[in-house]
Amino acid sequence: RVATLRVARAGQGDAALFVDVRGFEPQQLSARFADDRAAIVWDGGAFAAAWSEPVHAGNPRAYFAFIDRDGRRVGSAMRVLTREDVGLTRVALAFAGSDYLLAAVRGDGTAELRASGPRGCDEPLLPQPPAVPTARR
């Protein structure tokens with residue numbers, strides 16, 4: 001199967017991100033796509049896609065979705081979870097035999113590497129920064 005990601009911009013700001021599988025109706029993945037890259041990969045039986053989009057506070061978050069061989073999203077998109085809301089952009093995705101591997105750039109310029117788990121790409125592959133302590137009252 002051949003699949004591509006297509007961005008449809010309607011002026012300034014956010015754009016819609018679609019997955020196009022040759023021979024099937026395009027499916028929208030995101031209505032708020034604002035990054036300069038997204039990724040799609042074939043695992044031999046289906047596709048997976050990853051992208052980032054801004055959320056309420058404006059920090060971009062990465063999302064991961066499974067797409068069947070006919071180009072239809074399976075379930076809903078899953079947010080890539082991080083310990084801190086650091087912002088994730090410029091995602092890349094690969095399939096490594098049994099796991100999907102996702103790489104993204106954190107807001108501070110460092111790399112975030114994740115392997116697929118039960119909720120998408122939610123298992124960190126790099127040491128995570130310590131949690132920020134919260135003040136006690």
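This report describes a sheet and the salt bridges of a predicted model.

Four strands make up an open sheet, arranged in the order 4-5-6-7 and paired antiparallel. Strand 4, covering residues 39–42, and strand 7, covering residues 73–79, are the edge strands, and each of them pairs on one side only. From one strand to the next, the twist averages 20 degrees. In general, the strands of a sheet pair through backbone hydrogen bonds, in either a parallel or an antiparallel way.

Inside this order, strand 5 (residues 47–54) and strand 6 (residues 60–67) run antiparallel and are joined by eight bridges. Across from Glu-53 stands Arg-61, a residue of strand 6.

**The salt bridges**

There are six salt bridges in the structure.

| Pair | N to O distance |
|---|---|
| Arg-6 and Asp-20 | 3.0 Å |
| Arg-90 and Asp-36 | 2.6 Å |
| Arg-106 and Glu-112 | 2.5 Å |

The pair of Arg-6 and Asp-20 is a salt bridge between side chains. Arg-6 belongs to strand 1 (residues 3–9) and Asp-20 to strand 2 (residues 15–21), so this contact ties together parts that lie 14 residues apart in sequence. Arg-6 has a relative accessible area of 35% and is partly exposed. Asp-20 counts as buried because its relative accessibility is 17%, and buried means under 20%.

A salt bridge also links Arg-90 with Asp-36. Arg-90 sits in strand 8 (residues 88–96), while Asp-36 is in the loop between strand 3 (27–33) and strand 4, so the pair ties together parts that are 54 residues apart in sequence. With a relative accessible area of 35%, Arg-90 is partly exposed. Asp-36 is exposed, because its relative accessible area is 56% and the cut-off for exposed is over 50%.

In the salt bridge of Arg-106 with Glu-112, both residues are buried.

**In brief**

The open sheet has strands 4-5-6-7 in that order, with eight bridges between strand 5 and strand 6. Among the six salt bridges, the one between Arg-90 and Asp-36 connects strand 8 to the loop between strand 3 and strand 4, and the one between Arg-6 and Asp-20 connects strand 1 to strand 2.

Methods. Residues are numbered from 1 along each chain as its sequence is written. This is a predicted model: local features need pLDDT of at least 70, side-chain atom pairs count only at pLDDT 80 or more; totals for chains, interfaces and linings use all residues. Side-chain values use heavy atoms; hydrogens and water are left out. Two strands pair if DSSP finds at least two bridges between them. Helices (H or I, at least four residues) and strands (E, at least two) are DSSP runs, numbered from the N terminus. Axes are lines fitted to C-alpha atoms, for helices over the stretch in contact, and angles run from 0 to 180 degrees between N-to-C directions. A salt bridge is a side-chain nitrogen of Lys or Arg within 4 Å of a carboxyl oxygen of Asp or Glu. Buried means under 20% relative accessible area, exposed over 50%, partly exposed in between (1.4 Å probe, protein chains only).
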